[in-house]
Amino acid sequence: MELQTKPIEALLEEERVFAPPKKFREQAIIKDESVYKKAAKNPEKFWEEIAKELEWYKKWRKVLKWKPPFAEWFVGGKINVSYNCIDRHVKTFRKNKAAIIWEGELGETQILTYWDLYREVNKFANVLRSLGVKKGERVTIYLPMIPELPIAMLACARIGAPHSVVFGGFSAESLRDRINDAQAKILITADGGYRRGNIVPLKKNADEALKETRSIEKVIVVRRVGEKAQIEMKEGRDLWWHELMKDAPSYAEPEKMDSEDMLYILYTSGTTGKPKGIVHTTGGYLVGVHITTKWVFDLKEEDTYWCTADIGWVTGHSYIVYGPLSNGATSLMYEGAPDYPDKDRFWEIVEKHKVTIFYTAPTAIRTFMKWGEEYPRKHDLSSLRLLGTVGEPINPEAWMWYYENIGGKRCPIVDTWWQTETGMIMITPLPGVTRLKPGSATKPFPGIEADIVDDNGKSIKTGAGYLVLKRPWPAMLRTIYGDPERYVEQYWSRFPGMYFTGDGAKRDKDGYFWLLGRVDDVINVAGHRVSTMEVESALVDHPLVAEAAVIGRKDELKGQAITAFVTLKEGVESSSNLADDLKRHVVKKIGAIARPEEIIFTAELPKTRSGKIMRRLLRDIAEGRALGDTTTLSDPAVIRELKEKYEEKET
């Protein structure tokens with residue numbers, strides 16, 4: 001593993017520091033730093049106190065059972081996530097409060113109060129039960145960003161059926177693989193979705209995926225697009241959502257779930273190419289997302305909170321659905337793109353709904369910068385009081401632009417680090433307490449023990465190393481679905497007794513953390529993790545390709561962009577048309593997020609004597625650096641020729 005440390009040097013010399021505004025601090029939920037000491041002194045007691053904010057059918061007998069690397073939290077406790085996100089609120093003044101504000105790509109708005117959400121979730125829970133779904137049976141959800149998505153998730157949680165949400169941008173093959181791995185019984189999809197005015201053919205993709213699955217018994221289809229989708233409904237298998245809901249009873253008894261029962265599986269890219277089914281359980285996960293939503297976003301009763309992520313990613317699970325709703329918040333969800341119908345769409349939504357908390361990705365912020373200040377200036381953004389970032393490290397320039405042009409220099413920015421695997425935010429400012437440095441995620445959340453270590457696992461007080469977590473935390477993944485050995489190998493074998501995040505980081509003299517990005521072969525494209533192995537496998541699947549090596553190179557907008565080095569089969573000639581065809585092939589196999597930005601044809605790939613492709617050297621070429629050590633190569637001339645060819649292309 002190699003840490004790219006140079007770009008961070010300037011960050012460690014960052015002298016701009018922003019204290020919490022006086023008025024913000026006075027009104028903040030967390031006003032002083034004593035919470036850190038309290039959590040550090042007795043972490044289990046700290047988490048136990050937080051767990052008491054939720055409603056449990058039966059209290060736990062033990063806070064944590066830890067047999068490294070397997071954890072159980074709130075052992076023996078009984079709880080239901082759906083009940084905590086809805087039922088307990090409809091018994092209070094929140095009954096008629098907006099739970100979800102939905103903004104469609106075409107400009108439609110739908111507001112679901114907590115009572116509306118309660119009714120719809122109960123009815124759909126009964127629909128699932130009527131189709132024979134039992135506790136523990138998996139349900140795959142492949143939907144656009146429409147209200148039926150969180151309704152379906154909460155209905156699954158209500159009856160104890162783990163859900164597996166598949167991002168609507170994924171291809172039929174990606175959907176197929178995830179269904180087969182989870183052995184899902186039911187698929188929930190839509191006739192189509194909208195993206196920049198175009199129709200995303202979700203049902204057609206689903207039909208294609210189901211040609212090679214055996215576990216799916218029924219497909220529930222939401223009508224989103226209508227006749228324009230031109231879909232076919234398969235007799236006996238496919239059922240319309242609206243028809244099933246018409247006569248469904250309006251109350252479904254929630255399952256009393258064990259704290260450690262599975263809540264959901266969410267697939268994330270792994271370095272082996274096969275997507276990993278990350279397993280999150282019920283009690284600990286809800287405790288983690290509940291308190292981080294409340295404290296990190298300083299969540300108040302009157303807030304309108306908008307996380308711009310897609311629910312197909314963990315950010316949407318934790319910080320659009322479960323975290324905000326467990327707090328009785330108003331959570332906004334948006335179906336479309338930030339630039340459709342124009343580049344001020346986000347700011348139009350902020351103004352329209354008087355959004356107070358806005359949580360987005362650095363990729364989006366860099367894109368907004370590129371579009372220019374005139375777009376946010378068109379709109380009244382004075383309702384905003386807190387900004388957040390998620391998905392990848394943010395560079396100081398983007399941080400400052402966000403602070404000045406979106407936050408009007410009055411909104412603290414919570415730059416958060418966490419992962420699909422962690423379930424909850426792990427390193428973050430607390431906005432009423434933390435002095436902010438542009439580009440730094442600052443310090444671990446109370447109760448989280450993060451560290452930076454060297455190759456031998458020894459703590460580094462200041463400087464760069466590997467980011468690890470030294471204590472279990474409530475929302476941590478419990479395993480990889482169906483593959484506990486891979487769980488141990490992937491996360492706990494690099495540094496015994498520590499969870500290895502796969503990220504590099506630096507710590508400055510004030511103890512602030514600066515994230516450096518991935519140190520393995522997972523590429524972070526606009527906050528979405530794409531496995532190099534998955535893309536390579538898709539390229540080699542093309543009949544004209546002999547071999548491929550994929551790397552992520554730095555990209556101003558996306559964080560990283562995918563560059564593919566491709567060797568063609570004997571007698572096949574390279575061309576720009578073939579490069580385009582290969583890009584389309586990758587999209588078909590994986591989805592648009594995995595489309596290579598550039599394809600470089602090469603007669604040979606640089607390999608060690610043992611046959612390992614030297615991706616490190618390919619990264620050097622793609623990023624215009626001097627070549628690193630080439631002594632281990634079987635033929636050093638290959639890399640020199642490739643570098644010359646690449647430089648010629650660039651000029």
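**Close-up views of a predicted model**

View 1. Arg-494 holds its charged end over the ring of Tyr-466, 5.1 Å from the centre. Over the face of Tyr-57 we find Lys-256, at 4.9 Å from the ring centre. (A charge counts as over a ring when NZ of Lys or CZ of Arg is within 6 Å of the ring centre and within 35 degrees of the ring normal.) This is a predicted model, where local features need pLDDT of at least 70 and side-chain atom pairs pLDDT 80 or more, while totals for chains, interfaces and linings use all residues. Numbering starts from 1 along each chain as its sequence is written, and side-chain values use heavy atoms, leaving out hydrogens and water.

**View 2. Phe-46 meets Trp-47.** The structure has 43 aromatic pairs; rings of Phe, Tyr and Trp (its six-membered ring) pair if their centres lie within 6.5 Å, with planes under 30 degrees apart called stacked, over 60 edge-to-face and the rest tilted. Here the centres are 5.0 Å apart and the planes sit at 70 degrees, so Phe-46 and Trp-47 make an edge-to-face pair. Both Phe-46 and Trp-47 are buried (under 20% relative accessible area, 1.4 Å probe, protein chains only; exposed is over 50%, partly exposed in between).

**View 3. Tyr-487 and Tyr-491 in helix α17.** These two lie four residues apart, about one turn of the helix (residues 484-492). With ring centres 6.2 Å apart and planes at 55 degrees, the Tyr-487 and Tyr-491 pair is tilted. Tyr-487 is buried at 0% relative accessible area, and Tyr-491 is buried at 3%. Ring pairs tie both into a cluster with Trp-66, Phe-70, Trp-473, Trp-492 and Tyr-499. (Helices are DSSP runs of H or I, at least four residues, numbered from the N terminus.)
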